[in-house]
Amino acid sequence: MPATRPSDPSRTKRAGPAEAHSLLGEGFAIGVATAGYQIEGGYNGDGEPANNWFAWERAGRVERSGVACDFWAHPEEALDRAAAIGCNAFRLSVEWARLEPEPGRFDEAALERYVEILEMCAGRGLEPIVTLHHFTHPYWLGEEFWLRPGSPDRFARHVQRLLPALALHCRRWVTLNEPNIVMLMGWVEGAHPPGRRLAFSDAFCVLDNLLTAHALAAEIIMDGQPGAAVTANTSSSSIYEHDRMLTDLLLLGSAGVPASDLDRYIDERRALHDAAFPPQHAGEFAVRRFFAALSPYGTDRGAGGGPAWAQLRSAARRHAPRRVVDTVLAATHERGLGAVGFDWYDPVASHALRVPGRRLPSGERDWSTGRALWDVPSHADGLRAWCRTEAALHGGLPLWVVENGMATLVRDRRPVPRADGWDRPRYIREHLGAVAEAVAEDVPVTAYLHWSLVDNYEWGSYAPRFGIFGMDRDPDGTVRWLDTDSAGDDAAGEFTRVVRGLVAGDRSVVDG
């Protein structure tokens, strides 16, 4: 059943003549997404702000981030290009490590610089969408910061300090980027600091702290800026406990679910998710059953399984806190989410999972559990279906596609074609077409942000390329923008053509 369109800051804009018949709807926010550590440059070097990747960079566990895209020194290039290709929105993060480089020392000049960048966005017709935590925090807080019980309160105080300056220039906020990935990569897969593997009990403590941090920050923002829209974007996943459960927990207040009935409610929501997105084979079913057994939420009956599953469940749940439940139910504002934000790549968990610890031809062991980014399959039809399901599960809330993009590989400064034959122009055309089709079906999608504007530092490596624009890097650290993407394709031209066509009401631009 189509969901009704709720209020949303973007919908208050007056449509210009070119938007009168837009296939994306009046006031639709279309743009690109970026993250500070990935584009700004100037982290973890001598005399530079240090974040929680500092030790990994210094020890050579990952490639040095260096100058990244030089955005901090020269944001105009990026913002000019975003405006030129038809964007009206630009997502960026304000980096805690830059703002508070040492305990008790807040860098007012850095905050003023962020305000200046937000003003540059406005001057180019780009609505800033500000992320307050995008995977990184100051090094001095420790790599295990999010495992500590006081971390949500520490983050909330940080947000309280930033809000007066930033709220003058921003009305759409992402509190924490992909809390499910922070937990997974840091404490289960071990691919991000602190590099813990299979620490499931600690992982669920981390998740509780992250969700509590969002709930506290959302209260601060909505108290200080009535009418603001706040979300915490998840990475879309077929595993209920790894994605949609987070949204359900943050919306407990508006759902009217008391703490005493929470586990039954989670069983019900898991069943709805699995019915809407059923597992297609035994491997996917097993992955979902495993995470249901580990989850600190839901009844034994809802998680299913025999004595072995019950033993696993008991061990995993023994120390898992539920502070987020108390925080959400005690909140002044009924809804801690003003929009359902999600990042769309490939949500099918079993597509990505591989056995960790397998031996490579070199003799080393590969502990990763996921496939390479440039091998992640593309599913434009799946994006449209996911939007429909999100609207049905969370009626009354707008949907923001906070990230959506495709990786290619560059090796030894030469592009490597994707094995599936996809290129970025096709990806842009088909996925924007999927969003337009969802809007035509009255699904309340109100924002789409492509990841990313330019090739950037992809969490330890410059090999994966996600940019509409490529970035050429010399060994001495000099960077130069390309007019094509890293594969030599005119992704910017295709993005511009499709966006302008959809805004003008021309559906043919997504027909290929």
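Q: Before we look at folding, what does contact mean here?
A: Contact means heavy atoms within 4.5 Å. In this protein, residues 24 or more positions apart account for 74% of the contacts with a separation of 6 or more. A word on the source: this is a predicted model, where local features need pLDDT of at least 70 and side-chain atom pairs count only at pLDDT 80 or more, while totals for chains, interfaces and linings use all residues. Residues are numbered from 1 along each chain as its sequence is written, and side-chain values use heavy atoms, with hydrogens and water left out.

Q: How many helices and strands are there?
A: Helices (H or I, at least four residues) and strands (E, at least two) are DSSP runs, numbered from the N terminus. Here you will find 19 helices and 16 strands.

Q: What share of the protein is buried?
A: Buried means under 20% relative accessible area, exposed over 50%, and partly exposed in between (1.4 Å probe, protein chains only). Of the 512 residues, 59% are buried.

Q: Which residues have the most contacts inside the largest nonpolar core?
A: A nonpolar core is a set of buried Ala, Val, Leu, Ile, Met, Phe, Trp, Tyr and Cys residues joined through side-chain atoms within 4.5 Å. The largest one has 132 residues, and Phe90, Trp173 and Val445 have the most contacts inside it. H8 gives the largest share of this core, 14 residues. A second, separate core of 15 residues includes Ile129, Val174, Trp400 and Ala447.

Q: At what angle do helices H5 and H6 pack?
A: Axes are lines fitted to C-alpha atoms, for helices over the stretch in contact, and angles run from 0 to 180 degrees between N-to-C directions. H5 (residues 108-123) and H6 (residues 151-166) pack at about 45 degrees, with their axes 10 Å apart. In this contact, Glu108, Leu111, Val115 and Leu118 of H5 meet Arg161, Leu162, Ala165 and Leu166 of H6.

Q: Is Asp343 buried or exposed?
A: Asp343, in strand E7 (residues 340-344), is buried, with a relative accessible area of 0%. Leaving aside neighbours within four places in sequence, its contacts include Asn177, Glu178, Asn233 and Glu403. The C-alpha atoms of Asp343 and Glu403 are separated by 4.4 Å, although these residues are 60 residues apart along the chain.
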